[in-house]
Amino acid sequence: APGAEDTVDLLTGELLPAAPAPPKAQRAASGAPSLFLEPAALMRCLDNPDVSVAAIAAHVLALLYSCPAIDASSGDAFVRWLLAALDGQSSTAGGGARPEARELVPVLSVLLRRVSMRHEVGSSGGVQLLCRLLQATSRESGNAPAAASPAAGAAARSLPQLLYELCFCLWTLSFQEELQPEFLTTGAIHTLTQTVQSAPVEKVQRVAIATFANLCVESPEWERPKYYREMHAAGLMKALTSLKDLKANQWKDADIEEDLDLVLDALAKNYQEISTWERYVAEVKSGNLAWGACHEQQFWKENVRCIEEDDFAVVRRLCTLLHSPDEEVIAIACYDIGEFCRFYPRGRDIAKHFGAKDAIMALIDSENPEIQRHALNSISKIMVNKWEGMSA
């Protein structure tokens with residue numbers, strides 16, 4: 001493999017033209033930038049078979065296009081190359097190898113300093129791509145085994161930095177009003193919530209929470225309820241409350257507490273404005289069920305007809321939660337399905353259609369006594385036709 005000097009020689013050979021550069025006076029008269037470095041020459045380097053050359057060229061291009069003196073309209077080809085490389089496409093159209101994603105996320109973070117490049121990246125699917133990379137990196141960070149070699153140890157230690165850079169990229173994109181709806185449609189809010197809960201270092205949590213603060217403050221006021229509902233559905237309020245209790249007065253960065261309080265206050269005000277049913281739907285969507293007023297007989301008597309929304313989407317989600325790794329969630333899902341069958345006229349048939357009966361029958365043999373009790377109660381409600389005199 002070529003060394004550092006070989007890489008510099010290769011890059012220099014690609015960039016320097018055969019003819020000498022025009023003198024400074026001539027460049028000034030033509031209106032060209034004082035730095036005689038053409039993006040087109042660097043774009044050729046991206047196709048170089050030496051990955052080191054491509055990586056250096058990408059870094060330099062990002063620096064150039066983040067500079068206001070360079071015409072951003074010519075950067076669309078570089079954005080396409082960069083996003084394709086981050087998406088795991090291992091070779092270019094010309095057959096050259098692409099650098100790994102972890103080498104190129106810092107490149108993207110530099111490029112996004114410029115507002116016009118944020119729009120180019122966002123309109124090319126950048127938010128969705130960053131969410132996928134963030135999910136994959138979070139899984140890798142959570143499952144990283146003990147390092148078997150110095151190289152493996154270095155790779156594992158680089159994961160928190162990679163998480164931070166991915167969150168930083170999403171944070172920069174969250175400033176752009178035209179890109180903020182992407183955070184609703186791509187699952188970015190759910191992904192960032194999971195990142196806040198599992199982040200190995202504070203700076204990752206800081207930039208993720210700052211992204212939520214942007215959506216609460218920078219988005220149009222009439223659009224904010226949509227973001228609040230999605231944050232409630234993702235379980236963000238519960239996650240941030242737990243984080244605040246855990247880290248009380250222990251943050252190294254004071255800004256994180258300010259952003260955390262801002263988001264929590266916004267979610268608390270919105271929580272008071274939305275109906276009990278909307279709160280229940282958000283809780284079910286998040287998968288973070290917890291015993292409370294939404295899991296009692298009176299709630300189901302008053303709201304059972306609301307469950308028809310979106311072709312019984314709540315019932316289908318509850319059936320999915322019967323397989324949750326959280327035992328309390330399973331017990332609550334059993335209870336809610338039983339109450340649905342109890343109070344909705346065709347509840348038993350609908351629950352059976354979505355597979356609830358078989359799933360709950362299997363839970364009767366659970367080693368957890370709470371799951372076993374609620375599964376027995378729920379299956380009796382699915383099987384019995386008349387409820388007169390039957391307690392909840």
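This briefing walks through the helices, aromatic rings and a few individual residues of the structure above.

The model is predicted, so local features need pLDDT of at least 70 and side-chain atom pairs count only at pLDDT 80 or more, while totals for chains, interfaces and linings use all residues. Residues are numbered from 1 along each chain as its sequence is written, and side-chain values use heavy atoms, with hydrogens and water left out. The chain has 22 helices and zero strands; helices (H or I, at least four residues) and strands (E, at least two) are DSSP runs, numbered from the N terminus. Of its 392 residues, 45% count as buried, where buried means under 20% relative accessible area, exposed over 50% and partly exposed in between (1.4 Å probe, protein chains only). Among contacts in the chain with a separation of 6 or more, 68% are between residues 24 or more positions apart; a contact means heavy atoms within 4.5 Å.

**Aromatic rings**

- The structure holds 14 aromatic pairs. Rings of Phe, Tyr and Trp (its six-membered ring) pair if their centres lie within 6.5 Å, and planes under 30 degrees apart count as stacked, over 60 as edge-to-face and the rest as tilted.
- One of these pairs is F78 with W81, which is stacked because the ring centres are 6.3 Å apart and the planes stand at 15°.
- F78 and W81 are three residues apart in helix α5 (residues 76–86), which separates them by about one helical turn. F78 is buried at 0% relative accessibility, and W81 is buried at 9%.
- Y280 and F299 form a tilted pair, because their ring centres are 5.1 Å apart and their planes stand at 55°. This pair links distant parts of the chain, with Y280 in helix α16 (residues 276–286) and F299 in helix α17 (residues 297–303), 19 residues apart.
- Both partners count as buried: Y280 has 0% relative accessibility, and F299 has 4%.
- Y164, F168, W171 and F175 are joined into a cluster by ring pairs.
- Y164 also has a charge over its ring: the charged end of K203 sits 4.9 Å from the ring centre. A charge sits over a ring if NZ of Lys or CZ of Arg is within 6 Å of the ring centre and within 35 degrees of the ring normal.

- Helix α22 (residues 369–383) has 15 residues and reaches 21 Å from its first C-alpha to its last, close to the 21 Å expected at 1.5 Å a residue. The expected span is 1.5 Å times one less than the number of residues.
- Which residues of α22 are buried? They are I371, H374, A375, S378, I379, K381 and I382. They cover an arc of only 155° around the axis, which puts them on the same side of α22; the arc is that of the directions from the helix axis to the C-beta atoms.
- The buried residues of α22 pack against α19 (327–343), α20 (347–353) and α21 (356–363).
- At the start of α22, a side-chain oxygen of N368 comes within 2.8 Å of the backbone nitrogen of E370.
- Helix α19 has 17 residues and spans 25 Å from its first C-alpha to its last, close to the 24 Å expected at 1.5 Å a residue. In α19, 14 of the 17 residues are buried, so the helix is largely enclosed by the rest of the structure.
- D326 caps the N-terminal end of α19, with a side-chain oxygen 2.9 Å from the backbone nitrogen of E328.

- Y65 is in helix α4 (residues 51–65) and is buried at 1% relative accessibility. Y65 and L111 are 46 residues apart in sequence and 6.5 Å apart in space, C-alpha to C-alpha. Not counting residues up to four places away in sequence, Y65 touches residues including P39, F78, L111 and M117.
- S219 is in the loop between α12 (202–217) and α13 (224–233) and is buried, with a relative accessible area of 2%. A polar atom of the S219 side chain lies 2.5 Å from the backbone oxygen of L215. Not counting residues up to four places away in sequence, S219 touches Q180, N214, R224 and Y227.
- E202 is in helix α12 and is buried, with a relative accessible area of 15%. Leaving aside neighbours within four places in sequence, E202 is in contact with K247, Q250, W251, K252, D253 and I256.

Notes. A polar contact is a pair of N or O atoms within 3.5 Å; within protein, one must be able to donate a hydrogen and the other to accept it, and residues adjacent in sequence count only if both atoms are side-chain atoms.
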